[in-house]
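Hi everyone, thanks for making time.

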Amino acid sequence: MVGTGRTLLLNTGARLPAIGLGTYEARDVASIKKGIELGYRQIDTAMYYLNEAEVGQAVRECGVPREELFVTTKLWCTFHSRVRESFESSMEKLGLEYIDLFMMHWPTALNPNGNHPYEPTLPDGSSDIQKDWDFIKTWADMQKLLDTGRVRAIGVSNFSTVNLDKLLAAPTTTVVPAVNQVELHPYLPQFKLLNYCKEKGIVLTGYSPLGSVSAPLLQEKVVIEMAERLGKTPAQVILSWAVTRGTSVIPKSVNPQRQLSNLDDFVMAPEDMALIDDISKTTQKRIVTSSWGQGTFHDDEF
Ligand code: A2P
């Protein structure tokens, strides 16, 4: 095993391997299997990625016992009012007896009968939002899935502290999300959201931990200097910062060498943590944007 092998304790009692394999745009079964072979034990997919069949095949055929793997998939926005149907469709594509985590991909419900099955738009090009639907109802339906025995935990994604407060305060909410998956990296460290989630016992997972396409964070002077001083790669510095602050990460790479080296994390010293924390004092940005995500992050930006 490379790296520290750190895991995060979920409010269900299960453990989430801290560094996971992001599969957005990964369609090749062999490359997903390769990731598992290299040591990834958390595999993150979604209905929206259109690769649940490939991910499921890789999980079934990889040779690693199912109970050693943590598999996540997500409910897409056009399925908020069809939770059971979406879940059954994902399970059929995955071909697995159970999944470890089922997430609401976004708080936004999109029109299930619009002009596109996943990204419906209005004539003016904006997202066709299902205005008569509230994610509180989606969550109530997701809670029922736990009774099937085929979902070990339920979670949310792209939830702000405002939306989490609303969800937790709802009379129908009996289950606290196990995980909230959001964009998280040194340009968007989300200190307020991290503290909030820690207080509520919700694990925060960061997507685009290197800053997404072209990995801009790897060019930061402070990151490069620290990597040289510690004999690590810039990506290991960023990912180790994320894991040391108690979050999970799902870095993406199509290159097996980088996939392996991204798993090789270390425990970062407090003074180095502070240096990386400071990056957002000069550069703050959200990199991943979508029309259905507009207005959903409230004042949690930094
Ligand atoms: P590649 O697939 O060619 O490795 P994020 O996880 O933030 O979405 O970032 C993914 C981007 O970072 C991809 O473009 C990926 O390219 C690149 N990347 C991933 N790991 C590394 C690494 N260790 N060193 C350099 N670039 C990396």
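**A walk through the model**

Let's start in a loop: Pro 186 is found between strand S8 (179-183) and helix H6 (191-200). When I say helix or strand, I mean DSSP runs, H or I of at least four residues for helices and E of at least two for strands, numbered from the N terminus. Before I go further, this is a predicted model, so local features need pLDDT of at least 70, side-chain atom pairs count only at pLDDT 80 or more, and totals for chains, interfaces and linings use all residues. Residues are numbered from 1 along each chain as its sequence is written, and side-chain values use heavy atoms, with hydrogens and water left out.

Is Pro 186 buried or exposed? Pro 186 is buried, at 0% relative accessibility. Buried here means under 20% relative accessible area, exposed means over 50%, and partly exposed is in between, using a 1.4 Å probe and protein chains only. And what does Pro 186 touch? Leaving out residues up to four places away in sequence, its contacts (heavy atoms within 4.5 Å) are Pro 209, Leu 217, Ile 238, Trp 241, Ile 276, Ile 279 and Ser 280. For a sense of distance, Gly 5 is 181 residues from Pro 186 in sequence and 22 Å from it in space, C-alpha to C-alpha.

Now over to helix H1. Its buried residues are Val 29, Ile 32, Gly 35, Ile 36 and Leu 38. The cover over those buried residues includes S3, S4, helix H2 (52-61) and H9.

Side chains of opposite charge can pair when their charged atoms come close. I'm calling it a salt bridge when a side-chain nitrogen of Lys or Arg is within 4 Å of a carboxyl oxygen of Asp or Glu. How many salt bridges does the structure hold? There are 13, and I'll pick out a few.

Glu 37 is exposed, with a relative accessible area of 61%, while Lys 34 is partly exposed at 31%.

Another salt bridge joins Lys 74 and Asp 44, 2.7 Å from N to O. This pair links distant parts of the chain, with Lys 74 in strand S5 (residues 70-75) and Asp 44 in strand S4 (residues 42-44), 30 residues apart. Lys 74 is buried, with a relative accessible area of 0%, and Asp 44 is buried too, at 1%.

Then there's helix H4 (residues 135-145), where Lys 144 and Asp 141 sit three residues apart, about one turn of the helix. Their side chains meet in a salt bridge of 3.1 Å, N to O. Lys 144 is exposed at 51% relative accessible area, and Asp 141 is partly exposed at 24%. Salt bridges with shared partners also tie Arg 84, Glu 88 and Arg 150 into one network.

What about disulfides? Counting a pair of cysteine sulfur atoms within 2.5 Å as a disulfide, we get zero. Take Cys 197: its nearest cysteine sulfur belongs to Cys 77, and that is 19 Å away. Cys 197 is buried, with a relative accessible area of 0%.

Last stop, pockets. On a 1 Å grid over the protein atoms alone, a pocket is an open set of points where a 1.4 Å probe fits, with protein on both sides within 12 Å along at least five of seven lines, and lining residues have an atom within 4 Å of a point. Points are joined across faces, edges and corners, and the volume is the space filled by probe spheres set on them.

The largest pocket has a volume of about 1100 Å³. Its lining has 44 residues, and Tyr 24, Ser 208, Ser 212, Val 213 and Lys 252 lie nearest the centre. Strand S3 (20-22), H1 and helix H9 (256-263) are the elements giving two or more residues to that lining. Which element gives the largest share? That's H9, with four residues.

The second largest pocket holds about 250 Å³. It is lined by 14 residues, with Pro 107, Thr 108, Ala 109, Ile 129 and Trp 133 nearest its centre.
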